[in-house]
Amino acid sequence: METETIVSPLMQTYNRFPISLTKGEGSYVWDVEGNRYLDFTAGIATCNLGHVPKTVKEAVENQLEKLWHCSNLYHIKAQEQLAVILTENSCLDRVFFCNSGAEANEAAIKLVRKFQKDRSNIVTFQQSFHGRTMAALTATGQEKIQTGFAPLVPGFTHLPYNDLASLEVLKDDPPAAVMVELVQGEGGVIPADQSWIDKLVQICEDQQILVVIDEVQTGMGRTGSLFAYEQYGLKPDIVTLAKGLGSGFPIGAMLAGKMVASAFQPGSHGSTFGGNPLASTAALATVEELTNTPVIKSAAEKSLLLITCLNELKQEFPQIKKLRGRGLLIGLEIEGSALEIVKGAIQEKLLILTAGPNVIRILPPLTITEDDILLFMKKFRLALANTLP
């Protein structure tokens with residue numbers, strides 16, 4: 001008798017690896033068979049405090065006994081406290097809460113157009129990634145993300161990233177805003193050059209162009225400071241957040257300066273689930289941990305150790321061409337298939353990511369220890385040795 005093949009009713013929007021995870025703690029996860037993996041993906045830069053961090057767990061458990069959800073037609077204490085701590089630790093004044101990075105970027109796009117009444121065009125950059133909703137994928141500077149979804153949303157222009165000469169077009173026809181990642185994550189882990197950012201910001205100031213910084217992946221301590229923009233010495237008009245904000249609970253945020261934020265009035269925008277009591281509680285506990293403890297400073301120190309080890313590995317494997325990134329958002333450009341190395345790492349019970357066909361992306365929790373780094377290097381070296389030609 002033939003065995004019937006069971007086809008999952010899930011839409012096939014992911015090429016999933018053959019692992020089913022059931023438990024997480026700190027820098028480790030376990031599958032259904034009890035195998036333990038060292039997780040250097042952190043849920044794609046989401047579990048910045050590691051899996052199931054104690055302070056967040058306790059806060060969420062306490063909230064679970066009280067109230068899970070209510071409408072944004074009412075005041076939500078945890079949401080308001082979260083807005084306070086985000087504005088106190090940034091250069092911005094107002095916050096809108098949603099459920100994801102794409103939603104945060106959609107909100108930013110709407111706010112830009114609402115504020116800049118006589119301009120609508122928004123400039124983004126090639127190889128950027130801003131999400132998969134219609135305006136966000138149009139803003140994304142990658143054709144592969146947009147293929148099959150025409151007609152795209154009008155009003156977006158993509159310029160080369162880190163290209164000084166191309167910025168001159170901003171003077172000729174000033175857009176409503178520029179939207180930029182200070183480290184392109186999905187686009188290959190490429191940090192912005194300081195000189196390029198300086199020129200970009202200066203032109204925006206001169207031409208009254210709003211500066212929107214997409215910190216969905218770089219925010220919440222990932223690059224060595226709470227926000228990546230702090231390291232570039234700029235003051236954005238709008239910042240978008242998600243991923244690491246809620247330690248795995250779905251929450252996104254758009255922050256804006258007081259004047260720009262005033263363009264949103266009741267009815268301008270909304271979200272049924274955005275900033276609900278449970279998500280806001282998780283995010284509040286997360287941000288309190290990031291701002292009230294040395295975790296970000298410690299992560300910056302661990303980054304130096306990890307980069308030193310990876311540079312040594314680069315000498316051992318000439319197929320590693322470049323090492324780049326900031327903090328604990330690290331990319332390795334290799335000669336070969338990044339996906340095959342990710343698969344090889346799984347065999348060594350190590351989880352890492354790709355950022356394009358030939359870039360390995362390393363995103364450990366900010367709470368990693370030296371022992372975690374040493375174990376990572378052991379497993380990663382074996383994966384490279386068994387995979388690279």
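Trainee: Which residue in strand 14 is the bridge partner of Arg326?

Mentor: In this predicted model, Arg326 has Leu329 as its bridge partner in strand 14.

Trainee: What makes strand 13 and strand 14 a pair?

Mentor: Two strands pair if there are at least two bridges between them. Strand 13 and strand 14 (residues 329-334) are joined by 6 bridges, so they count as paired. They run antiparallel.

Trainee: How do you know that strand 16 and strand 17 pair?

Mentor: Here 2 bridges join strand 16 to strand 17, and the cut-off is at least two, so this is a pair as well.

Trainee: What joins strand 14 to strand 17?

Mentor: There are 4 bridges, and the two strands run antiparallel. Ile330 stands opposite Ile362 in strand 17.

Trainee: In what order do the 4 strands of the open sheet stand?

Mentor: The order is 13-14-17-16, with antiparallel pairing.

Trainee: Why are strand 13 and strand 16 said to stand at the edges?

Mentor: Strand 13 (320-326) and strand 16 (353-354) each have a single partner strand, so one side of each has no neighbour in the sheet.

Trainee: Why are both faces of strand 17 called covered?

Mentor: Val359 and Arg361 on one side are buried, and so are Ile360 and Ile362 on the other. Buried means under 20% relative accessible area, so each of these four residues falls below that cut-off.

Trainee: Which strands does helix 11 lie across?

Mentor: Helix 11 lies across strand 13, strand 14 and strand 17 (359-362). Its direction is at about 170° to strand 13.

Trainee: Why is helix 11 called roughly parallel to helix 13?

Mentor: Helix 11 (residues 295-316) and helix 13 (residues 370-387) pack at an angle of about 25°, and their axes are 11 Å apart. Angles under 35 degrees count as roughly parallel, so helix 11 is roughly parallel to helix 13. Their crossing is right-handed.

Trainee: Which residues of helix 11 and helix 13 meet?

Mentor: From helix 11, the residues include Leu305, Leu306 and Cys309. Among those they meet in helix 13 are Ile373, Phe376 and Met377. By class, this contact has 10 nonpolar, no polar and 4 charged residues.

Technical notes
Residues are numbered from 1 along each chain as its sequence is written. This is a predicted model: local features need pLDDT of at least 70, side-chain atom pairs count only at pLDDT 80 or more; totals for chains, interfaces and linings use all residues. Side-chain values use heavy atoms; hydrogens and water are left out. Axes are lines fitted to C-alpha atoms, for helices over the stretch in contact, and angles run from 0 to 180 degrees between N-to-C directions. Angles under 35 degrees count as roughly parallel, over 145 as roughly antiparallel, 65 to 115 as roughly perpendicular and the rest as oblique. A crossing is left-handed if the near helix is turned anticlockwise from the far one by less than a right angle, and right-handed if clockwise. Contact means heavy atoms within 4.5 Å. Ala, Val, Leu, Ile, Met, Phe, Trp, Tyr, Cys and Pro count as nonpolar, Asp, Glu, Lys and Arg as charged, and the others, Gly among them, as polar. Buried means under 20% relative accessible area, exposed over 50%, partly exposed in between (1.4 Å probe, protein chains only).
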